[in-house]
Amino acid sequence: MRASKHASGTGPLVVGLTGGIGSGKSTCAALFSGLGVPVIDADELAHALVAPGEPALADIITAFGPEYLAADGSLDRGMLRQQVFAEPASRHRLEAILHPLIRKNIIELVGFVETPYCIVSIPLLLETGQTDLVDRILVIDVPEALQLSRTAARDRLAMDEIRPVLETQAGRSTRLAAADDVISNTGSLDELAAKVQALHREYLSLSARN
């Protein structure tokens, strides 16, 4: 277990949920939420930060140009996504704007948690060096072929559009090596729910011991 407020008895057990694209992170997060576990979602925080009128949106438009602003004043996410996955320097520029703000919000939200443990869903937990935010790392694991097929079906993307996203993420072996807990998500939703429930019991037990 990583050093944290929980380790010293002053905060909840913080479980960092991560996994590659198409692994089923959102489904797992929803299952934990259904058990009454607070879920802090980094993607949701990012979306809120770039809403019209938010300072981060102005910073992005300044960094990338007014063409990334849609007619209704919102961020053209599709256009920006294409740019950041095509050019690493652009991705790093966007991350420099958003990641410190997301991190700050996560820390603040964890501070409000009153349950024994919470889930912090961060797709790029390892890649962005944010493991110090969590006590345990839970990896949702699927083979790459399944990642590709699920993402293609879900997002209606061609394989050549999905692979650049995969290339920005840690490899499967890297994620598994960093994991404290692993859920293999290759079966049915009922099987996934059973695995989440088993970990829920384990996390409650770990919380009680601390």
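Is Arg91 buried or exposed in this structure? Arg91 is buried, with a relative accessible area of 18%; buried means under 20% relative accessible area, exposed over 50% and partly exposed in between, for a 1.4 Å probe and protein chains only.

The model is predicted, so local features need pLDDT of at least 70 and side-chain atom pairs count only at pLDDT 80 or more, while totals for chains, interfaces and linings use all residues. Residues are numbered from 1 along each chain as its sequence is written, and side-chain values use heavy atoms, with hydrogens and water left out.

**View A. Arg91 in helix 5.** Arg91 is found in helix 5; helices (H or I, at least four residues) and strands (E, at least two) are DSSP runs, numbered from the N terminus. Leaving aside residues up to four places away in sequence, Arg91 touches Val84 and Thr168, where contact means heavy atoms within 4.5 Å.

**View B. Packing of helix 3 on helix 5.** Helix 3 (residues 55–64) and helix 5 (residues 88–111) pack at an angle of about 165 degrees, and their axes are 11 Å apart. Helix 3 is therefore roughly antiparallel to helix 5. Axes are lines fitted to C-alpha atoms, for helices over the stretch in contact, and angles run from 0 to 180 degrees between N-to-C directions. Angles under 35 degrees count as roughly parallel, over 145 as roughly antiparallel, 65 to 115 as roughly perpendicular and the rest as oblique. From helix 3, Ala56, Asp59, Ile60, Ala63 and Phe64 meet Ser90, Arg93, Leu94, Ile97, Leu98 and Leu101 of helix 5. The residues of this contact of helix 3 with helix 5 comprise eight nonpolar, one polar and two charged. Ala, Val, Leu, Ile, Met, Phe, Trp, Tyr, Cys and Pro count as nonpolar, Asp, Glu, Lys and Arg as charged, and the others, Gly among them, as polar.

**View C. The buried face of helix 1.** In helix 1 (residues 25–34), the buried residues are Lys25, Cys28, Ala29 and Phe32. Seen down the axis of helix 1, these buried residues fall within an arc of 100 degrees, so they line one face of the helix; the arc is that of the directions from the helix axis to the C-beta atoms. Ser26 and Gly34, on the other side of helix 1, are exposed. The cover over the buried residues of helix 1 includes strand 1 (13–18), strand 2 (39–41), strand 3 (117–121), strand 4 (136–141) and helix 9 (189–209).

**View D. Helix 1 against helix 9.** The axes of helix 1 and helix 9 come within 10 Å and cross at roughly 55 degrees. Helix 1 and helix 9 are therefore oblique to each other. Thr27, Cys28, Leu31 and Phe32 of helix 1 meet Leu189, Leu192, Ala193, Val196, Leu199, His200 and Tyr203 of helix 9.

**View E. Two buried loop residues.** Gly24 sits in the loop between strand 1 and helix 1 and is buried, with a relative accessible area of 18%. Gly24 touches Ile140 and Asn185, not counting residues up to four places away in sequence. Asp135 lies in the loop between strand 3 and strand 4 and counts as buried at 0% relative accessibility. Asp135 and Val14 are 121 residues apart in sequence, but 5.2 Å apart in space, C-alpha to C-alpha.
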